[in-house]
Amino acid sequence: MGAPKETLGFQAEVKQLLQLMIHSLYSNKEIFLRELVSNASDACDKLRFEALNNNGLYGDDSELKIRLSFDKAARTLTISDNGIGLSREEAVAHLGTIAKSGTKEFFASLSGDAQKDAHLIGQFGVGFYSAFIVADKVTVISRRAGLEHNQAVKWESEGAGDYSVEMVEKAGRGTDVILHLKDGEDDFLNAWKLKSIIRKYSDHITLPIVMKAEKWDEEKKEQVATDEDETVNQANALWARPKSEITEEQYQEFYKHVAHDFENPLGWIHAKVEGKQEYTQLLYIPARAPFDLWDRNARHGVKLYVKRVFIMDDAEQLMPLYMRFVRGVVDSADLPLNVSREILQQSKDIETIRGGCVKKVLSLLEGMADSDDAAEKEKYAGFWKEFGNVLKEGVGEDFANKERIAKLLRFASTHHDTTEQNVSLADYVSRMKEGQEKIYYVTAETFLAAKNSPHLEIFRKKGIEVLLLSDRVDEWVVGHLTEFDGKPLQSVAKGGLDLGKLEDEAEKKEQEKEAGEYKELTDRVKQALEARVKDVRITHRLTDSPSCLVSDEHDLSGNLARMLKAAGQKAPEVKPILEINPHHPAVQRLKYEEARFDDWANLLFEQAQLAEGGQLEDPAGFVKRINDLMLALSLGGK
Ligand SMILES: Nc1ncnc2c1ncn2[C@@H]1O[C@H](COP(=O)(O)OP(=O)(O)OP(=O)(O)O)[C@@H](O)[C@H]1O
């Protein structure tokens, strides 16, 4: 026999999760059954998959199913499956710890408010531990497929701080989860009640969920179990049914099962594709981002089936990275059953399927975004809030669909001047001024830095709209999206300012004249700042500020250079161009400055750095310069 009985402590996060769950989810307690049935179904799927290469795993029990049974006297409810089962090590690893990406973020976001937290727990996924909502003790007896009958494990816990594990005997393969119900939970010892919960939440499970049929006993005057099994769910793949036979609720419940989500999805597409590749897709867009959305290595959400047989979870080849929020199922009629991840990577057939799925998701999003129906538009706004930054990645990732993605992008802009990203490029173009040829944008690290960027002054004065880009991925977007609808995208902080037809001849003449008049001054400033700038010139961008920095047309933008540096990457050393505003008193004054010219020049440079959200190389030097100048001014003023 194996190791003796051992008592082990739960990982701290498990204890916390258990506490929270019991308190927050009590009002929705029947979901525990959905979670346990879902796990049982996953366990059968896993067995089926492993058995593709090792048929012996089935032994003499090849009919996979899930069984619900209860014992009124002992007040226990048991969920059994003949799936893959758990070894002792697996029981300890999976039922004593949480090994999910996003765990840290999840715990950090809890608020202590039961209702809000219930919501978050739902998003995080409650899984097995939800058993403790209705049970004060849970016993799991499991035998891993391929292990001997005396190598089974018994895991038991009262859901407080610890659990025990010991080796036991179990006749068949698979897992029994035995719930010792809490006082007052006798409702769950009732076949009618259990059936109605299964029909509500788990009807779409592809395996049969069976219970002993009951019949009326005249003597006892109650329903008693017979020896006959009865299947209580429909037990066929939801996606394989005709659309007309599926209700909205059934679609939603299926989503909750595949996505491990609590909330209803935002939308879905269900389609059967025929042609070179035959496949069915049922793809959902969640309403809320999961905790690991930002982890580009986290698991993906689309399950691959071949002719109704589950092949794998998270088939990353089915969806590009920028659509990692999509959840659902693809069922192919043509792929071989023994298809592996390696084969998928090179498969042309998968490429065709992926291309089809991406187009469908884009159409679904376009349907919401372009709808005249306010509720649909609202949905798209919700989608954008949750997943907009992921979709933006697609501009650089999916060349073939770049234009469709570009139409779906939403930005903040000076039109509304709020953080809300609700301006499409088409909206922008429709508001372009007469003679305006470019789509102007500014990038900065924060919304406020973008909104208050000195580079915008002339644009505000002339009433020209500028997109305010402050998400990290925005530099990537503008790096890949150089034009929209034939109009080039132009950074307001790059290159010489050429407003084209937006400026009249008189303005242009005036600017040339000023550049000549101030040549001596700009040369002097350039000399003073030689090590720090590429050039110094008179600006036409500024109306209120004395100076700003711009980068050369083909150089990295200041914002991108800062981002690369912050990410620990090497950014090529590029010097910015300093532009000074000839109408500003500080610049005017500089014309007559002698003794402290260098200090003034440096200050013009440093304040421009600060104004665009940059950091000073030598903050102490800056402070000293300011103080010296203030002192000089006040002394001079006496
Ligand atoms: N009936 C079962 N048979 C075999 N393994 C199981 C069974 N139930 C749970 N497990 C194992 O325990 C792990 C943890 O289950 P749990 O339900 O907590 O999380 P999950 O299913 O991985 O994710 P989620 O929280 O999103 O549901 C599972 O991943 C699985 O490995």
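This is a predicted model: local features need pLDDT of at least 70, side-chain atom pairs count only at pLDDT 80 or more; totals for chains, interfaces and linings use all residues.

Modeller: Residues are numbered from 1 along each chain as its sequence is written.

The sheet is open and has 9 strands, ordered β1-β6-β5-β4-β7-β3-β2-β8-β9, with mixed pairing. Strands here are DSSP runs of E with at least two residues, helices are runs of H or I with at least four, and both are numbered from the N terminus. Two strands pair if DSSP finds at least two bridges between them. At the edges lie β1 (6–9) and β9 (222–231), each of which pairs on one side only. From one strand to the next, the twist averages 25°; angles run from 0 to 180 degrees between N-to-C directions, and axes are lines fitted to C-alpha atoms, for helices over the stretch in contact.

Within the sheet, β2 (residues 66–71) and β3 (residues 76–81) run antiparallel and are joined by 6 bridges. One of the residues bridged to β3 is D71, whose partner there is T76.

Helix α2 (residues 31–51) packs on this sheet and touches β2, β3, β7 (174–181) and β8 (209–217). A contact between two residues requires their C-beta atoms, placed from the backbone, to lie within 7 Å. The direction of α2 makes about 25° with that of β3.
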